[in-house]
Amino acid sequence: MTTTGLELGGRDSETGARDMPDAAPALNQDPHAVRGATGNRLEMAIGREVRACRRKHGMTIIELARAAGLSLGMMSKIENGIISASLTTLHQLSRALAVPLSALLKPSEEVRDARFVKAGVPTERCGTRAGHRPLGHVVPDAAGVSVEPCLVFLTDDADRPALRQHAGTTFIYLLEGEMVWRHGMELYRMAPDDSLFFDAAAPHGPDQLLTLPVRYLSVASWRPSRKG
């Protein structure tokens with residue numbers, strides 16, 4: 001019997017290279033389906049990075065599989081985080097993608113910080129000041145920057161906080177009411193939807209509360225000083 005193109009388990013009629021033995025079974029299933037990957041955070045992180053690098057190079061999954069000497073089925077399972085690739089396999093992929101092996105492993109090693117705050121749940125930090133409700137706090141990231149968002153709600157002039165100053169920058173967005181905001185020697189009359197972004201090293205804060213209640217979002221960021 002005469003065949004053309006690729007024979008199952010045979011050779012490519014154009015190149016003479018051995019065909020990938022488990023490429024055919026992959027045709028009978030969704031190559032993007034993730035099966036048995038629950039909890040495989042490491043495998044899934046590596047798979048996402050391999051796929052991202054492949055797409056960055058403009059390669060199809062078949063092209064990468066051939067360049068790395070892997071079967072299409074194996075390649076699909078790696079990208080979908082279904083299997084744990086050996087170091088040898090990852091080395092083959094890194095060479096095919098022209099990236100360091102560490103580049104494929106780095107995303108799985110990084111820890112990303114997140115803070116979720118439910119409405120009405122008291123938290124610490126800026127919420128210790130009257131009328132201030134923290135919306136979370138991100139600890140210093142790789143760049144060493146801390147970020148602290150707060151929702152400030154002032155119902156009486158007596159609630160008006162004292163002027164502050166600190167390293168870094170601050171962004172405020174007025175949601176309700178009217179006020180005059182001081183930044184150093186400058187005064188800014190603010191109405192709803194007005195915003196201000198400034199160097200927080202200058203004394204700053206509400207100078208006058210014109211229309212109560214006043215409600216605004218404040219996002220402060222700074223680089224903590226290093227000791228030693």
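Let me begin with Arg-215 and Glu-176, whose side chains meet in a salt bridge at 3.2 Å, N to O. By salt bridge I mean a side-chain nitrogen of Lys or Arg within 4 Å of a carboxyl oxygen of Asp or Glu. Arg-215 belongs to strand β6 (residues 204–222) and Glu-176 to strand β3 (residues 169–183), so the pair ties together parts that are 39 residues apart in sequence. Helices (H or I, at least four residues) and strands (E, at least two) are DSSP runs, numbered from the N terminus.

Before I continue, please note that this is a predicted model, in which local features need pLDDT of at least 70 and side-chain atom pairs count only at pLDDT 80 or more, while totals for chains, interfaces and linings use all residues. Residues are numbered from 1 along each chain as its sequence is written, and side-chain values use heavy atoms, with hydrogens and water left out.

Are the two partners buried or exposed? Arg-215 is partly exposed, with a relative accessible area of 29%, and Glu-176 is also partly exposed, at 29% relative accessibility. Here buried means under 20% relative accessible area, exposed means over 50%, and partly exposed lies in between, with a 1.4 Å probe and protein chains only.

The next pair is Asp-207 with Arg-182, a salt bridge whose closest N and O atoms are 3.1 Å apart. Asp-207 lies in strand β6 and Arg-182 in strand β3, so this bridge ties together parts that are 25 residues apart in sequence. Asp-207 is partly exposed, with a relative accessible area of 21%.

Arg-51 forms a salt bridge with Glu-79, with the closest N and O atoms 3.5 Å apart. Arg-51 sits in helix α2 and Glu-79 in helix α4, so the pair ties together parts that are 28 residues apart in sequence. Both Arg-51 and Glu-79 are buried. Together with Arg-54, they are linked in a network of salt bridges. The count of salt bridges comes to 6.

Helix α2 itself has 16 residues and reaches 22 Å from its first C-alpha to its last, close to the 22 Å expected at 1.5 Å a residue; the expected span is 1.5 Å times one less than the number of residues. Its buried residues include Glu-43, Ile-46, Val-50 and Cys-53. Just after α2, Gly-58 takes a positive phi of about 70°.

Which residues have the most contacts inside the largest nonpolar core? They are Val-50, Leu-64, Leu-70, Met-75, Leu-93, Leu-97 and Leu-104, in a core of 15 residues. Such a core is a set of buried Ala, Val, Leu, Ile, Met, Phe, Trp, Tyr and Cys residues joined through side-chain atoms within 4.5 Å. Two or more residues each come from α2 (41–56), α3 (61–68), α4 (72–79) and α5 (87–97). Apart from this core lies another, of 12 residues, among them Val-152, Leu-174, Met-190 and Val-214.

Met-190 is found in strand β4 (residues 186–190) and counts as buried, at 3% relative accessibility. Leaving aside neighbours within four places in sequence, the contacts of Met-190 (heavy atoms within 4.5 Å) include Ile-172, Leu-174, Trp-181 and Leu-196.

Finally, the overall arrangement. The protein chain has 6 helices and 6 strands, running α-α-α-α-α-α-β-β-β-β-β-β from the N terminus on. Of its 228 residues, 32% count as buried.
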